[in-house]
Amino acid sequence: MSTTAPDPLATLGALPGVADAVDSVREAVDRVYGHRVMRRRSNEVTAEAALRGARGSAALSGADWNLEEVRRRTDFSGDDESQVIGAALRLTAEAGQLLSIWRQSPLRVLARLHLVAAGGAAPDDAVGRPRLAGEPVDEPLIEAPLPGADEVAGRLEGLSGLILAGSAAPALVTAAVVHGELLALRPFGSYNGLVARTAERIVLIGSGLDPKSICPAEVGHAEQGRAAYVAAFEGYLSGTPDGMAAWIAHCGRAVELGVRESTAVCEALQRGAA
């Protein structure tokens, strides 16, 4: 008799419709990686994807700036929107530096991401650690009931255990679960949405699905709109098979739209227009 523990992420990968989403994402990613521009100018595509991904993530957190304004600005220390943009840019730059640590200590990476996002904007003792009982959370987009501090700690340990144990699940499934669970928990006092979307990016890069980080899911999440993002997230919160499948499919569509964005960047570089 087998004593192998069940793989909950692989179970999610078997939900109706999820395999189609996974295949669609894989085909889209393969196409953009096969673009001739990627042979010699992949670093430029990566840099542009990072910028556009940061802009998209910030838009979901309430700072919906024009791409060229994000590109032009150098000081993000002003009002709340400026600070959100700055946090998103810092997180995107940091994501690729944390892959090896993520595989060993996901919780350490999450703490680092919050530290980077906060950038000194929050009290020192509240930065880089899960919130304590009674501490407020500033996350304007997500209005779902907030889990208590003890529940947050337990579920973060559970999420870390899933990641460390590894899974046969496709990268899209793991990335969607990490993203959704962090949104559900909102473990920090601020910038939880930005951290959750950066963690999704780290999974997609580290899994090998998008090793050069040229498929910014954040772009796709923003393009689908805040209302669609919240509605899909409610599916995750429901915990039902249909709801979970809808959230994973939503995340898959976000990656595909990110691929479309980077394909347009490749085409512009090929024409000499970017």
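Contact here means heavy atoms within 4.5 Å, and helices (H or I, at least four residues) are DSSP runs numbered from the N terminus. With that in hand, the buried residues of helix H8 pack against helix H6 (99-104), helix H7 (106-118) and helix H9 (171-185). Keep in mind that this is a predicted model: local features need pLDDT of at least 70, side-chain atom pairs count only at pLDDT 80 or more, and totals for chains, interfaces and linings use all residues. Residues are numbered from 1 along each chain as its sequence is written, and side-chain values use heavy atoms, leaving out hydrogens and water.

**Helix H8**

- H8 (residues 149-165) has 17 residues and reaches 24 Å from first C-alpha to last, close to the 24 Å expected at 1.5 Å a residue (1.5 Å times one less than the number of residues).
- Ala-149, Val-152, Leu-156, Leu-159, Ser-160 and Ile-163 are buried in H8 (under 20% relative accessible area, 1.4 Å probe, protein chains only).
- These residues cover an arc of only 100° around the axis, which puts them on the same side of H8 (the arc is that of the directions from the helix axis to the C-beta atoms).
- Turned away from that buried side, the other face of H8 carries Asp-150, Glu-157 and Ala-165, which are exposed (over 50%).

**H10 against H11**

- Arg-197, Glu-200, Arg-201 and Leu-204 in H10 meet Ala-217, Glu-218 and His-221 in H11.
- By class, that contact of H10 with H11 has two nonpolar, one polar and four charged residues (Ala, Val, Leu, Ile, Met, Phe, Trp, Tyr, Cys and Pro count as nonpolar, Asp, Glu, Lys and Arg as charged, and the others, Gly among them, as polar).

Methods
Helices (H or I, at least four residues) and strands (E, at least two) are DSSP runs, numbered from the N terminus.
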